[in-house]
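Work through the following exercises with the sequence and the model side by side, and try each task before reading its solution.

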Amino acid sequence: MSKFITLLKCEESRMLKYGITYASLGTSLIWIIMIQLINVNPLDAYFPLFIYLDATMMSFLLIGAGMMFEKQENALKSLMVTPISKHYYLISKIVATVISSVITLAILLIYGVIFRDLSINYFGIFGGVILVSFVFACCGILFTYKSQDFTNLLMWVFIGTFVLAIPTLLQALHIITANWFEWVQFINPTRAALVILMASVESPDTLEFSFSLAYLIGFAGILYYFVSKKFDVFSAKEYGGE
């Protein structure tokens, strides 16, 4: 456990060094400016939409960006010669990304409660952000394995945003209402993420909420299995084995 704590501290230090923490804090400021400009009142029903974008695609991007910086500095080669479990290495990265999402949530909550009279289920929104950020951090690692460079990673983020995140937003805003689209969306993890987050400000449909929660938990387990399994191939390439 002490090794994991050390790795987590190192991960947080690297995020500061690479500017990822500052980028995350800057994003929080952007969300606050957007909330202020849009000026929806009451904020409650729209608050999860801002958190949704941060916990999904920002988690995907931030963990990938950190791994790309490590790749440029050949940091993984140094880690591979230490007696550290790959699970400790991977989970420390995922947890650091989750912490970043939780900090963003805390900043937005402070703003929402103090300046916009936000009323929300705190346990629900924190639990939702932790689960959603975990899932999309795993997605970010998997697509980082497939990316040759940062530009390639940004392309995957771009595709993920347009194929997964934006359709869910359009459905949530009732811009797309076709029945076939609603059925297709059941396999979209960003839809399940938004259902979980929206449950913190409104009474959810029990069946829909239960399905979304089970879907995300199961998806998280499957994703982590592949993240762990494919790490050996990724690290071997980084070490010059292939």
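A residue is called buried under 20% relative accessible area, exposed over 50% and partly exposed in between, using a 1.4 Å probe and protein chains only. The model is predicted, so local features need pLDDT of at least 70 and side-chain atom pairs count only at pLDDT 80 or more, while totals for chains, interfaces and linings use all residues. Residues are numbered from 1 along each chain as its sequence is written, and side-chain values use heavy atoms, with hydrogens and water left out.

**Exercise 1.** Classify the accessibility of valine 113 and find its contacts beyond the neighbours within four places in sequence.

Solution. Begin with the relative accessibility of valine 113, which is 32%, so the residue counts as partly exposed. Next, with contact meaning heavy atoms within 4.5 Å, and with neighbours within four places in sequence left aside, valine 113 touches Leu118 and Tyr122.

**Exercise 2.** Describe the geometry of the ring pair formed by tyrosine 89 and phenylalanine 231.

Solution. Rings of Phe, Tyr and Trp (its six-membered ring) pair if their centres lie within 6.5 Å, and planes under 30 degrees apart count as stacked, over 60 as edge-to-face and the rest as tilted. Here the centres are 5.3 Å apart and the planes of tyrosine 89 and phenylalanine 231 meet at 45 degrees, so the pair is tilted. Finally, check accessibility: both tyrosine 89 and phenylalanine 231 are buried.

**Exercise 3.** Compare the accessibility of tryptophan 183 with that of phenylalanine 186.

Solution. Tryptophan 183 has a relative accessible area of 66% and is therefore exposed, whereas phenylalanine 186, at 30%, is partly exposed.
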